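Dear colleague,

Please find below the structure that I am handing over to you. My notes on what was found in it follow.

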Amino acid sequence: RQKNNAVNRALAATFQQRANELQSTYNAKQEEIERLKAAKSSLKTAITSYKEVKKSINSTLVDNMDNANFKGSIRTTFDGHATTIVSDITSDISTHKANVNTLTNEIQKRQASQNSLSGLISALNKSASDCLALIR
């Protein structure tokens, strides 16, 4: 009986040690997920800002520009610059959207991994508890 108790204590300690190691890994990975979520949120904020700037530029410099006193090559050059700015902003918005999608996929993948790790930690803790329950 003492031998069985010692074996059960040793098993419980082994299970608990492994659970603690995995919990540390889980915590570190969870911090990474939180950083990815913060980056995604930051990109979404940037996209909104870019859209507002684009709208403002279109409204102010492209759509509502006075054509009566602003003509010729100066106007043509100005319109070219305004078009380039709007195009660059549109490109940046597209890039940021693609990055948001990449982050979303990575976050989902890592959360699925975390769910598996969490299940393993729970199983190890239960095994440790079961071994300790067998001690008389």
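The side chain of Gln114 places a polar atom 2.9 Å from the backbone oxygen of Tyr26. This is a polar contact, that is, a pair of N or O atoms within 3.5 Å; within protein, one must be able to donate a hydrogen and the other to accept it, and residues adjacent in sequence count only if both atoms are side-chain atoms.

Please note that this is a predicted model, in which local features need pLDDT of at least 70 and side-chain atom pairs count only at pLDDT 80 or more, while totals for chains, interfaces and linings use all residues. Residues are numbered from 1 along each chain as its sequence is written, and side-chain values use heavy atoms, with hydrogens and water left out.

Gln114 belongs to helix α2, which covers residues 72–133. Helices (H or I, at least four residues) and strands (E, at least two) are DSSP runs, numbered from the N terminus. Is Gln114 buried or exposed? Gln114 counts as buried because its relative accessibility is 2%; buried means under 20% relative accessible area, exposed over 50%, and partly exposed in between (1.4 Å probe, protein chains only). When neighbours within four places in sequence are set aside, Gln114 is in contact (heavy atoms within 4.5 Å) with Tyr26, Lys29, Gln30 and Ile33.

**The chain as a whole**

The chain has two helices and zero strands. Its radius of gyration, 29 Å, is well over the 14 Å that the globule rule gives for 136 residues, so the chain is more spread out than a compact globule. The radius is taken over C-alpha atoms, and the rule is 2.2 Å times the number of residues to the power 0.38. The C-alpha trace spans about 100 × 15 × 15 Å along its principal axes.

Of the 136 residues, 19% count as buried. The accessible surface comes to about 9300 Å², with 53% of it belonging to carbon and sulfur atoms; such areas come from the Shrake-Rupley method with a 1.4 Å probe, and for residues only the protein chains shown count as cover. Among contacts with a separation of 6 or more, 90% are between residues 24 or more positions apart.

**The nonpolar cores**

A nonpolar core is a set of buried Ala, Val, Leu, Ile, Met, Phe, Trp, Tyr and Cys residues joined through side-chain atoms within 4.5 Å. The largest one in this chain has 11 residues, including Ile33, Leu36, Val86 and Ile107. Two elements, α1 (2–63) and α2, each give two or more residues to this core, and α2 gives the most, with six. Apart from neighbours within four places in sequence, Ile33 is in contact with Ile107, Arg110, Gln111 and Gln114. There is also a second, separate core of five residues, among them Leu22, Leu117, Ile121 and Leu124.

**Salt bridges**

How many salt bridges does the structure hold? There are seven, where a salt bridge is a side-chain nitrogen of Lys or Arg within 4 Å of a carboxyl oxygen of Asp or Glu.

- Arg75 and Asp79 are joined by a salt bridge of 2.8 Å, N to O. Because they are four residues apart in helix α2, about one helical turn separates them. Arg75 is buried at 11% relative accessible area, whereas Asp79 is partly exposed at 29%.
- Glu106 pairs with Arg110, with 2.6 Å between the closest N and O atoms. Glu106 is partly exposed at 23%, and Arg110 is partly exposed at 29%. A network of salt bridges links Glu32, Glu106, Lys109 and Arg110.
- Asp130 and Lys126 meet in a salt bridge of 3.1 Å, N to O. Both lie in helix α2, four residues apart, or about one turn of the helix. Asp130 is partly exposed at 37%, while Lys126 is exposed at 51%.

**Gln16 in the other helix**

Gln16 is found in helix α1 and counts as partly exposed because its relative accessibility is 31%. Beyond its neighbours within four places in sequence, Gln16 is in contact with Asn125 and Ala128. The side chains of Gln16 and Asn125 are joined by a polar contact of 3.1 Å. By comparison, the C-alpha atoms of Gln16 and Val100 are separated by 38 Å, these residues being 84 residues apart along the chain.

Yours sincerely,
A colleague
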